[in-house]
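Please read the following note with the model open beside it. The points are ordered so that one residue leads on to the wider fold.

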Amino acid sequence: MNDMVSMSDRIPVTTERGERAVFCGLTSIIWLHRKIQDAFFLVIGSRTCAHLIQSAAGVMIFAEPRFATAILEERDLAGLADCNEELDRVVNDVISRRPDIKTVFLVGSCPSEVIKLDLDNAAARLSREHHGRIRVLSYSGSGIETTFTQGEDRCLQNMVPSLPSTESTAPELVVVGTLADVIEDQFRRLFDALGIKAVRFFPGRSSNDLPAIGKHTRVVLAQPFLSDTLRALSNRGALHIPSCFPIGAEGTLAWFKAIADEFHVEPSVFETVMASPLSRARAAVEKLLPTLQDKHIWFLPDSQLEIPIARFLANECGMRLGEIGTPYHDRYLMASEQALLPSAAHIVEGQDVDTQLERVRQAQPDLTVCGLGIANPLEAEGLRTKWSIELLFSPIQGFDQAADLAALFARPLRRAEKLRFTSCN
Ligand code: SF4
């Protein structure tokens, strides 16, 4: 159902509401646990939740996973006191088996028996019992409240009260959003060369690596789906640096430029530091242009990365944009991105899966970016797809990853081309 078209921005945004087909926030545990190396994620959920986590994790290989599911059954509804006892037992078991764990996240889900549990109180009680040696935090990854990337937003938002305060007047930069370690290292080297030395990443590699927040803290987002985390940091006094996201060569350049301006970096220093990674990134992306240029790409709402990725594929790879579906559209956070989109772009916020699939079938794009559940039926109909979840499992931000990102979209197009060639012969 179409219920609103906003034209107040340069790019029209249509809002749709209907049946959804998006993974829930539990999925974000897969990349969060990889980043925060001394955290354990305990899902309080049903067998469905356990299956989801196992199949999402199935694309990765673990020596020893740092997540598990405590399964609550219908019968547990009978006694919440028993549920709390069981929760304490499972958490204590995790802590005693894993002395390397510093933080346990209790992750709520949507079964009614879980909703009845007060996980915030349980987390506070368990933290007290462990005398601050282990921090226990909770957040919801429920499919009723979150789509899959919003799980990270909830996790980080609930960590914000644990961040220490600072009265320091020297501005410190906090980069917010989970980044692969290799990207964090690349960014740190570039900040260093720009003369921006006081830089923290949130989340860090350790759950105890918590940036201090004060009136002089500047925060910049590395991921576009962190609206609630940004609000929580702003409420603590941190100042947001608005910018587009470090996706593609030009997006990364604009992201560093916004930060450099805030930290009064000399334009000549900025140009010198950026010149080499920028030209490397542009040259690497250019090699993929013969496959990508003029191909028609369509985004179904899934990850909230759709707008920055569409901007990159249109502006740097020459792809033609169909609809840009996104599960939620934060007008403030997307303002810099929208300003760079081609004027013919059209954003659709929210999901009405049948109507949106109907439009994909009519348009017959060369490539559709969508969730796993939608990809298979579209492939069976002869349409090529790209799983949006890969954009979270792969390192895609920054100069050195621009060509890898473009290659994620080039691969299915090349495969389609080869299949066409084989079937013609
Ligand atoms: S949290 Fe809800 S949507 Fe997610 S796997 Fe569990 S039951 Fe399904």
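1. Which residues does Ile-396 touch, not counting residues up to four places away in sequence? Its contacts are Ile-247, Leu-391, Gln-401, Asp-404 and Leu-405, where two residues are in contact if their C-beta atoms, placed from the backbone, lie within 7 Å. Ile-396 lies in the loop between helix H16 (390-393) and helix H17 (402-424), helices (H or I, at least four residues) and strands (E, at least two) being DSSP runs numbered from the N terminus. Ile-396 counts as buried because 24 other C-beta atoms lie within 10 Å; a residue is buried if 20 or more other C-beta atoms lie within 10 Å of its own, exposed if 12 or fewer, and partly exposed in between, with C-beta atoms placed from the backbone. Leu-179 is 217 residues away from Ile-396 in sequence, yet their C-alpha atoms are 8.9 Å apart in space.

2. A word on the basis of this note: this is a predicted model, in which local features need pLDDT of at least 70 and side-chain atom pairs count only at pLDDT 80 or more, while totals for chains, interfaces and linings use all residues. Residues are numbered from 1 along each chain as its sequence is written.

3. The protein is divided into domain 1 (25-146) and domain 2 (172-279), with bounds that come from an automatic or database domain assignment. The centres of the two domains, taken over C-alpha atoms, are separated by 30 Å, and their contact takes 10 residues from domain 1 and 6 residues from domain 2. On the side of domain 1 that touches domain 2, helix H1 (residues 29-35) gives the most, with 3 residues. That side has 4 nonpolar, 2 polar and 4 charged residues, where Ala, Val, Leu, Ile, Met, Phe, Trp, Tyr, Cys and Pro count as nonpolar, Asp, Glu, Lys and Arg as charged, and the others, Gly among them, as polar.

4. The largest nonpolar core holds 118 residues, of which Phe-41, Leu-42, Phe-105, Val-107 and Ala-406 touch the most other members. This core draws at least three residues from each of domain 1 and domain 2; such a core is a set of buried Ala, Val, Leu, Ile, Met, Phe, Trp, Tyr and Cys residues joined through C-beta atoms within 7 Å. Leaving aside neighbours within four places in sequence, Leu-42 has contacts that include Ala-68, Val-90, Phe-105 and Val-107.

5. The ligand is surrounded by 13 residues, the closest being Cys-24, Cys-49, Ser-109, Cys-110 and Gly-143; a residue is near a molecule or strand if its C-beta atom, placed from the backbone, lies within 6 Å of it. By class, this shell has 6 nonpolar and 7 polar residues, and no charged ones. Helix H2 (residues 47-57) supplies the largest share of the shell, 3 residues.

6. An open sheet of 4 strands runs in the order S8-S7-S9-S10 with parallel pairing, two strands being paired if DSSP finds at least two bridges between them. Its edge strands are S8 (199-202) and S10 (239-240), each of which pairs on one side only. Strand S7 (residues 172-176) is joined to S8 by 4 bridges, and Val-175 stands opposite Phe-201 in S8. A cis peptide bond, with omega about 5 degrees, joins Phe-202 and Pro-203, and Pro-203 is found in the loop between S8 and strand S9 (217-221).

7. Strand S14 (residues 367-370) also deserves a look: Leu-367 and Val-369 point one way, Thr-368 and Cys-370 point the other way, and all are buried. S14 pairs in the parallel sense with strand S11 (residues 296-299) over 3 bridges, and 3 bridges also join S14 to strand S15 (residues 385-387), again parallel.

8. Two residues other than glycine have a positive phi, and they sit in contrasting surroundings: is each one buried or exposed? His-264, with phi near 55 degrees, is in the loop between helix H9 (248-262) and helix H10 (267-286) and is exposed, because it has 9 C-beta neighbours inside 10 Å. Gln-304, with phi of about 70 degrees, is in the loop between S11 and helix H12 (306-315) and is buried, with 25 other C-beta atoms within 10 Å.
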